[in-house]
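Here are my notes on this model, point by point. Have a look at the structure first, then read on.

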Amino acid sequence: MTVVIGFEGSANKIGVGIIRDGQVLSNPRRTYITPPGQGFLPGETAKHHRSVILTVLQEALDEAGLKAADIDCVAYTKGPGMGAPLVTVAIVARTVAQLWGKPLLGVNHCIGHIEMGRLITNSQNPTVLYVSGGNTQVIAYSERRYRIFGETIDIAVGNCLDRFARVIKISNDPSPGYNIEQMAKKGTKYIELPYTVKGMDVSFSGILSYIEETVFAMLVEITERAMAHCGSQEVLIVGGVGCNLRLQEMMGVMCKERGARLFATDESFCIDNGAMIAQAGWEMFRSGHVTELSDSWITQRYRTDEVEVTWRD
């Protein structure tokens with residue numbers, strides 16, 4: 001059996017998760033929450049992560065009932081994400097790997113979401129809608145790469161929702177997107193908004209003054225186009241915005257009309273977490289990947305399709 005510990009901290013969540021052959025043994029995390037009307041700055045976010053990461057690490061080991069000797073590989077988020085938080089996590093992961101005498105493995109954050117979603121939902125070869133605070137992509141696997149069929153050409157959908165929440169002073173606790181969703185459930189009037197789909201790509205910057213229903217309709221449209229192109233009968237929604245039940249409902253209607261299946265996870269796994277990095281690291285480590293210490297840097301820009309997916313047929 002192979003046991004991998006994963007460190008995630010690319011944005012305002014800091015998490016440490018442990019995976020053993022497809023089983024989530026532990027997955028504690030903390031969230032840096034700012035006052036209403038404020039976002040989170042890289043330096044302050046990194047300071048938060050530094051203050052709690054060792055506590056979260058110990059929680060992960062205690063929950064899993066494991067010791068350092070039981071770990072086979074240490075995985076960490078290489079990117080994409082915010083520079084200062086990424087550096088914080090990478091330093092801790094490098095230190096732990098050296099202290100424990102374990103191999104180190106840098107993981108693409110986006111692929112962590114995909115592999116966690118595939119594990120939890122048992123989806124086989126889905127068209128993936130990856131929606132979060134920093135990324136918006138429609139993805140499908142082909143020839144050892146996760147190919148990007150469409151993406152945002154300006155800001156990510158989660159960033160759009162977060163900025164809207166800041167403008168109208170919606171609370172950041174537990175997250176702006178969640179609080180927008182709860183308020184939208186009470187709405188009774190549909191307001192027509194700018195709808196900007198350009199081929200397989202979307203634009204959210206112009207819609208920022210308006211918001212939710214139209215944003216999700218745009219995402220459903222480009223996902224359906226990717227499904228048609230790939231002949232896919234499965235959709236997997238990953239990323240923090242993937243928790244939104246209205247987005248899941250709208251995507252479910254489209255899937256039902258096509259005779260397709262929708263897969264999604266709850267907030268335990270769609271929101272950034274350490275287990276998703278551990279799971280992607282587990283897949284990569286088992287297929288022969290390791291990261292030398294000299295190559296264990298981070299990058300704020302690390303596209304999903306840059307990684308060779310050697311662990312899938």
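1. Starting with the domain boundary: three residue pairs, both at pLDDT 80 or more, are in polar contact between domain 1 and domain 2. A polar contact here is a pair of N or O atoms within 3.5 Å; within protein, one must be able to donate a hydrogen and the other to accept it, and residues adjacent in sequence count only if both atoms are side-chain atoms. Salt bridges between domain 1 and domain 2 number zero, taking a side-chain nitrogen of Lys or Arg within 4 Å of a carboxyl oxygen of Asp or Glu.

2. On provenance, this is a predicted model, where local features need pLDDT of at least 70, side-chain atom pairs count only at pLDDT 80 or more, and totals for chains, interfaces and linings use all residues. Residues are numbered from 1 along each chain as its sequence is written, and side-chain values use heavy atoms, with hydrogens and water left out.

3. Domain 1 covers 3-112 + 271-287 and domain 2 covers 123-264, with bounds from an automatic or database domain assignment. Their centres, taken over C-alpha atoms, are 25 Å apart. Contacts (heavy atoms within 4.5 Å) involve 12 residues of domain 1 and 11 residues of domain 2. About 960 Å² is buried between domain 1 and domain 2, with carbon and sulfur atoms giving 63%; that is accessible area (1.4 Å probe) lost on putting the two parts together, summed over both.

4. UniProt, in an unreviewed entry, lists His109, His113, Tyr130 and Asp272 under "binding site". These are spread over 164 residues of sequence but cluster in space, the largest C-alpha distance being 12.1 Å. The record's annotations may be inferred rather than shown by experiment; positions follow the numbering used here and feature names are shortened.

5. His109 sits in helix α3 (residues 109-121); helices are DSSP runs of H or I, at least four residues, and strands are runs of E, at least two, numbered from the N terminus. His109 is buried at 4% relative accessible area, and its contacts include Tyr130 and Asp272. Buried means under 20%, exposed over 50%, partly exposed in between (1.4 Å probe, protein chains only).

6. Tyr130, in strand β7, is buried at 0%. Among the residues it touches are His109 and His113, and its side chain makes a polar contact with that of Asn135 (3.2 Å).

7. Which is buried and which is exposed, Ser132 or Gly134? Ser132 is buried at 6%, whereas Gly134 is exposed at 57%.

Key. Lists of a residue's contacts leave out its neighbours within four places in sequence.
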